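Work through the exercises below with the structure open beside the text. Each task is followed by a solution in steps.

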Amino acid sequence: MAINNYDVITRRTFHQRALGAGAALLGASTLARKAAATPFPKGKYFDFHTHITQAWSFKEKLYTTELLKWMDTMGIAQAVVLPLISPESWDHPITTDFVLRETMAYRDRLIPFCSIDPRTINLSSPRKREMLQKYKDAGCKGLGEHKVGIPIDDPRNLDMFHACAEVGLPILFHLDNSRNTDKPGLPGLEKVLKEVPDGIFIGHAQGWWASISGGLEQADLQKYPEGKVQPDGAIGRLFDTYPNIYGDVSAGSGANAFSRDPEHGREFCLKYADRLLFGTDYLAPAQEVPQFALYDSFNLPEEVQAKIFRDNARKLLGLTA
Ligand SMILES: [Zn+2]
């Protein structure tokens, strides 16, 4: 059996962690929580959107140990770690296998998702379900970051979404003018929500968050629009009509949607407190993350903070301590 350097390094890293300090720390923190009867790891936030990367990335690498250290600093109890495998998503694949291995010793805090590109060869509907089930059995709690260069309502996407619904994996998708594309008003996404009512969908990126406002043109779905939010935004309409769609407030796009019109942003948090998921899209050391100061400035009621910052995510993923 051929083993490349990548396998050797990651296996060795894993064994060091599992047998050494990582396992000891993990054991200690689990025991401490049991003694204190607190159900989840300590921290104000559940971050629904992070990545780990590898040394050859165009950005400085971010390994799990560095991610965990940053989480401790920022008060993040747990984080979803998202693979990126489609050619439109990253400069090299961050595979599900890599994410599963690297999070293995820290599963109380790092929640792996899986990723399958629906254009992959020989991927029949039963085979999709089989692969998703295997990933779920290995610990994956959702599909994403789904960042594929086809329309959101492409038949290959719909088939993948049906498979996710059957297996019970929520889908975190990136929507803009080159990935999971749609038109102003998001009619393609609406078709998906109608056709896959058992699926759970989580919207992310410029095209999704620009749609907090009405009056959009196609180019706006790639932008970070400024100024007052206009009435009749697609997101509010979809939230009001479909119970199976959520918003991941991470990244520049998520921050911009709320900071461009802070009064509207705060009201939107209050109105849709059950549909918003705190997230950062942290993927490189020392990355600026505007979400913390932004949500501090909103001064939201305690129960709204609890929902957006932590509880919606845990409920949606069925996490128990
Ligand atoms: Zn991302």
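A residue counts as buried when its relative accessible area is under 20%, as exposed when over 50%, and as partly exposed in between. The model used here is predicted.

**Exercise 1.** Find the residues that coordinate the zinc ion, and state whether Glu-145 is buried or exposed.

*Solution.*
Step 1. The zinc ion is held by His-49 (NE2), His-51 (NE2), Glu-145 (OE) and Asp-281 (OD), at 2.1 to 2.5 Å.
Step 2. Along the sequence these donor residues follow the spacing H-x1-H-x93-E-x135-D.
Step 3. His-51 sits in the loop between β1 (45-50) and α3 (64-74), while Glu-145 belongs to strand β4 (residues 143-146), so the pair ties together parts that are 94 residues apart in sequence.
Step 4. Glu-145 has 3% relative accessibility, which is under 20%, so Glu-145 is buried. His-51, at 2%, is buried as well.

**Exercise 2.** Explain why the arrangement of the four donor atoms around the zinc ion is irregular.

*Solution.*
Step 1. The donor atoms subtend angles of 84 to 169° at the zinc ion.
Step 2. A tetrahedral arrangement needs all angles between 85 and 135 degrees.
Step 3. The angles of 84 to 169° make the arrangement irregular.

**Exercise 3.** Describe how β1 is placed and how the chain goes on to β2.

*Solution.*
Step 1. Six of the six residues of β1 are buried.
Step 2. β1 and strand β2 (residues 76-81) run parallel and are joined by four bridges. Phe-46 stands opposite Gln-78 in β2.
Step 3. From β1 the chain passes through α3 to β2, a β-α-β crossover that is right-handed.

**Exercise 4.** Which parts of the chain does the salt bridge between Asp-296 and Lys-44 tie together?

*Solution.*
Step 1. The side chains of Asp-296 and Lys-44 meet at 3.9 Å, N to O.
Step 2. Asp-296 is in helix α12 (residues 291-298) and Lys-44 in the loop between α2 (21-36) and β1, so the bridge links parts that are 252 residues apart in sequence.
Step 3. Lys-44 has 35% relative accessibility and is therefore partly exposed.

**Exercise 5.** State whether Lys-128 is buried or exposed, and give its salt-bridge partner.

*Solution.*
Step 1. The partner is Asp-159, with the closest N and O atoms 2.4 Å apart.
Step 2. Lys-128 lies in helix α5 and Asp-159 in helix α6 (residues 155-167), so the pair ties together parts 31 residues apart in sequence.
Step 3. Lys-128 is buried at 3% relative accessibility, whereas Asp-159 is partly exposed at 23%.

Note on methods: Residues are numbered from 1 along each chain as its sequence is written. This is a predicted model: local features need pLDDT of at least 70, side-chain atom pairs count only at pLDDT 80 or more; totals for chains, interfaces and linings use all residues. Side-chain values use heavy atoms; hydrogens and water are left out. Donors are N, O and S atoms within 2.8 Å of the metal (3.2 Å for Na, K and Ca); water is not among the atoms, so sites may look incomplete. Four donors count as tetrahedral if all angles lie between 85 and 135 degrees; four count as square planar and six as octahedral if opposite donors are over 155 degrees apart and all others between 65 and 115; anything else is irregular. Helices (H or I, at least four residues) and strands (E, at least two) are DSSP runs, numbered from the N terminus. Buried means under 20% relative accessible area, exposed over 50%, partly exposed in between (1.4 Å probe, protein chains only). Two strands pair if DSSP finds at least two bridges between them. A crossover is right-handed if, with the strands pointing away from the viewer, the path from the first strand over the helix to the second runs clockwise. A salt bridge is a side-chain nitrogen of Lys or Arg within 4 Å of a carboxyl oxygen of Asp or Glu.
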